[in-house]
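User: I would like to learn how to read the contacts in a complex of protein and DNA. Please take me through one.

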There are 2 protein chains.
Amino acid sequence: MNRATRLALIEKLVRENVIGSQEELLRMMEGTGMKCTQATLSRDLRQIGISRGFDGSGGYRYFLPSGREEAADSLPGSDTAAITGITWARGLLLIKTLPGFAPAVAIRIDRAGRYEIAGTVAGDDTILLIPRDNISNEAVEECLSTIFQS
Amino acid sequence: MNRATRLALIEKLVRENVIGSQEELLRMMEGTGMKCTQATLSRDLRQIGISRGFDGSGGYRYFLPSGREEAADSLPGSDTAAITGITWARGLLLIKTLPGFAPAVAIRIDRAGRYEIAGTVAGDDTILLIPRDNISNEAVEECLSTIFQS
DNA sequence: ATTTAGAGTGCAAATTTATACATTATTTGC
DNA sequence: GCAAATAATGTATAAATTTGCACTCTAAAT
């Protein structure tokens, strides 16, 4: 049970799981029989370079130093996975995707033929979705989750 | 002194300085006359996506979401010359370029990662730029002149 | 003009993370 | 093998960050 083994385990756990706090990671480690205190964990994370960011849906999550994530992440299995973020601005919905994926995702939205969505325009990695008049943001988002659920 | 202005200032300060804690950033903001509490700052940082990492020499530092750090080092300034006109319409900015140059110019704008700009969609010779809500036309134009100066 | 709904904020408390210090292990040089 | 030096860890505590709640402000609706 040495330090190097522990560091490797920590990196593995962070790579393969969504972890929101050091306490949570600690409990996960205990599950594998490897244990230490939160103080040591804090030092280990700094050593490895793991830092905390946002998980994209209101929570927190630890991340490996950039470049160490899973290569597979950058090859989305489905169009849905290509979406990297959405923002409302000026009554329009901006959908950000991985480079090159915007047209594919936009086509899928268009084909759904939802009334709430007046139309879309796709660039390379950004889609502009124009809702119809008097349609709420929530209604549009609900549309999208219907379209992309599965 | 509204929220959007504060968020833009925060992004600017984080982009241009090495900041290690929210208190430190707070003091920096006070220096510009813009002030709020640390609690609000915590919420703002989440909103913008700024998170804390390591500075490479034992300390901490806040970082912009990846891709937003240093704008446009390697991008030729010549794209600027491709812009043939800009017009505001419906709260959106239409940027006209020479044929074929719209994607290149749009990429440059995107890479700058300015908070004020929610996103862009590029055709062949036209870019649609969507500002965030509550951002003035002037602020967006100032952004652009910053992005394209050099 | 008044009401209502929602966003934004400060305050204080809770939670989470980092560190000073003491202690224990590990390595190094003899 | 032994002492000295160095690294690693735990404990307790400090520092930093996040959040629940109440209040304010703004803008839309009646």
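User: How many salt bridges does the rule find across the interface of chain A and chain B?

Analyst: A salt bridge is a side-chain nitrogen of Lys or Arg within 4 Å of a carboxyl oxygen of Asp or Glu. Across this interface the rule finds one. K96(A) and D110(B) form a salt bridge through their side chains, at 3.8 Å from N to O. This is a predicted model, in which local features need pLDDT of at least 70 and side-chain atom pairs count only at pLDDT 80 or more, while totals for chains, interfaces and linings use all residues. Residues are numbered from 1 along each chain as its sequence is written, chains are lettered from A and ligands numbered from 1 in the order in which they are written, and side-chain values use heavy atoms, with hydrogens and water left out.

User: What area do chain A and chain B bury between them?

Analyst: The size of an interface is often given as the accessible area lost when the parts come together. Here buried area is taken with a 1.4 Å probe and summed over both parts. Chain A and chain B bury about 1,700 Å², with 56% of it on carbon and sulfur atoms. Of the area that chain A buries against chain B, 42% comes from R46(A), F54(A) and R90(A), more than from any other three residues.

User: How many residues of each chain are in contact?

Analyst: Contact means heavy atoms within 4.5 Å. By that rule, 23 residues of chain A are in contact with 25 residues of chain B.

User: Which residues come nearest to DNA strand D?

Analyst: A residue is near a strand if one of its heavy atoms lies within 4 Å of it. There are 18 residues around DNA strand D, and R6(A), T40(A), Q38(B), R43(B) and Y62(B) come nearest.

Methods
Buried area is the accessible area (1.4 Å probe) that two parts lose on being put together, summed over both.
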